[in-house]
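Have the viewer open and follow along.

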Amino acid sequence: MDSIKIWSILAVILTGSICEAYRILVIAPIPSGSHAILGDACVTTLLGAGHEVVYVTAMPKRLKPHPKLVEVDVSVNAKYFPTNVINLTNFLENKTDPPGAVYFLDQATVYCIETINHTAVQKVLNDGKKFDLVIAEWMFSEIYAGLPALLDCPLIWFSSMEPHGMILSLVDETPNLAYNADFGVNFVVPFTFWERAQQLGMSLFVNLYREYYVYFKETEIFNNLYEPMMKKVGRTLPPYAELRYNASLVLSNSHVSLGQATRLPQNFVSIGGYHIDPEIKALPEDVKKIMDNAKQGVIYFSMGSILKSKDFPQKLKMELLSMLGGLKQTVLWKFEEDFADLPNNVHVLKWASQQSILAHPNCILFITHGGLLSLTESIHYAVPVIGIPAFADQFVNVLRSEKKGFAKKVNLSNDMAKDLKAAIEVILGNPMYKEKVKELSYVYHHRPIHPRKELLHWVEHVVETQGAPSLRSPALQVRFYEKYYLDLALLIVILLYVLRRSCKWVKSKYLSSSNKGVTKNLSDKKNK
Ligand SMILES: *[C@@H]1O[C@H](CO)[C@@H](O)[C@H](O)[C@H]1NC(C)=O
């Protein structure tokens, strides 16, 4: 064996990996804290395994510089974020309904166009360097499905929510609506008759809108975006209708301990919790001191990164503050502005390292908006929850948590201070909530492989098998009417109809003439 071989074998042993380093394009252009956390964690995981990453992000400069990381800044996308719609003041004072699926479908295209057309992104796409894989966040649009065709590599969708119909339909089929709550609904299984009907109605409406309005609109956009780029590299663009359903895998930020035991296709992989760093970051000194000294425990209150507690109406703010001030526990409230006179037990944090707070043994309750990341962290660190859902999947997340027995739901309303107080008393007065969250935490942690390792495993699988064709669901190859045997049903109906007509015809032609004969004979007899 020559020395080069020995050295390369040694290098492999030392780096602890035999998998090659890939060049991966990660697209996470949604300008929101939680989406950025998910994108960042994916990139960190890939870099940690030695891969090279080009990261298109709307929230750049959050990661440590790395020799194998190139960030492409699309923070201009922030100007499209509907802060004027998704906003506590709006929900509470103007009483506007939270936006639904149709709103998100309309909104999504804007980000895609802006991102693909961005000069910095165009530069990356047109510089001729090879990519081994595209990982794109699916957020109500499949326009990024053109990228793998352009770059001639496989595609993995990344999904930030629990499995739902729209994402599953891209790699398999819409799950049975009778027992699979969609992401935007406000109820959980088992559904009542009307809930079941509502699910079906909503799903039909949203899917018709998606397939017959959004899809036609997007096809044109899709062609306009990719055709010129494809022409440059001398290839023709496959139809959008085909590329939409050509992703190799879905990496999903979900886990059965949080959602439900949904039946999933082979190329749908749940890696919920992968965003949590196995190493707990140290708390800032002042926060650590407050938490260490909290004899009665700490209640942590945060409405997440999109909703701002400062947008609570003034009266509600004051009521919440006086209610929290009356508790014997210590309260850490993530709040973006200062209060004039805070009660002794309430501390306001403008920025909070949420995971480290939840990881502290004195943290006994988490009051949250019910975002999936917050709920994942509460299960990871086994802290019971009060959920105040405001929009998107938060309603169904909180209802599921309540059903699982580790959470209580409080409705977002102008007089919620008293409801919140009652819920705090219920949760802290009953050890069942803590027991339940510990049980779920066990299920959550008890996996054959850490979610970050799982992410790397499937990335490697997709690249090495050139798109994991063996994992593809056969459901994608059958049409709607074939799946439900509607063609056969139609054939049977036609045959039955033809049979009936022929019977009638035969009857009228032969039977009726001999019948006439019989009647004639009878009447002849009578007359005699
Ligand atoms: C679909 O994906 C596979 C795997 O990445 C790829 O080989 C194939 O060319 C793609 N099909 C089209 C029409 O681009």
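The notes below go through a pocket, then the cavities, then a surface patch. Keep in mind that this is a predicted model. The second largest pocket holds about 1,300 Å³ of space, and the largest cavity about 70 Å³. On the surface, Tyr-485 and a run of Leu and Ile residues, Leu-488 among them, make up a nonpolar patch.

**The second largest pocket**

- This pocket has 35 lining residues, and if you want to find its centre, look for Ser-169, Glu-173, Thr-174, Phe-480 and Lys-483, the closest ones to it.
- Three helices each put at least two residues into the lining: helix 7 (165-171), helix 8 (193-232) and helix 18 (480-483).
- Helix 8 gives the largest share, with 9 residues.
- By class, the pocket lining splits into 18 nonpolar, 9 polar and 8 charged residues.

**The largest cavity**

- Counting those of 30 Å³ or more, there are 5 cavities in the model.
- The largest of them comes to about 70 Å³.
- It has 13 lining residues, and His-164, Gly-165, Pro-175, Asn-180 and Ala-181 sit closest to its centre.

- About 60 Å³ of space is found in the second largest cavity.

**The nonpolar surface patch**

- The patch consists of Tyr-485, Leu-488, Leu-491, Ile-492, Leu-495, Leu-496 and Leu-499, which together have about 720 Å² of accessible area.
- Leu-488, one of the patch residues, belongs to helix 19, which spans residues 486-527.
- Is Leu-488 buried, exposed or something in between? Its relative accessibility is 40%, so Leu-488 counts as partly exposed; the in-between class lies between the buried limit of 20% and the exposed limit of 50%.

How values were computed. Residues numbered from 1 in each chain as written. Predicted model: local features only at pLDDT ≥ 70, side-chain atom pairs only at ≥ 80, totals over all residues. Heavy atoms only, no water. Patch = residues over 30% accessible without salt bridge, like charges linked within 9 Å, V, L, I, M, F, W, Y side chains within 5 Å. Areas by Shrake-Rupley, 256 points an atom, 1.4 Å probe, with all protein chains shown as cover. Salt bridge = Lys/Arg side-chain N within 4 Å of Asp/Glu carboxyl O. Helix = DSSP H or I, 4+ residues; strand = E, 2+ residues; numbered from the N terminus. Buried < 20%, exposed > 50% of the residue type's maximum accessible area, 1.4 Å probe, protein only. 1 Å grid on protein atoms, 1.4 Å probe; cavity = no way out; pocket = protein on both sides within 12 Å on 5 of 7 lines; lining within 4 Å. Points joined across faces, edges and corners; volume = space filled by probe spheres on them. Nonpolar A, V, L, I, M, F, W, Y, C, P; charged D, E, K, R; others polar.
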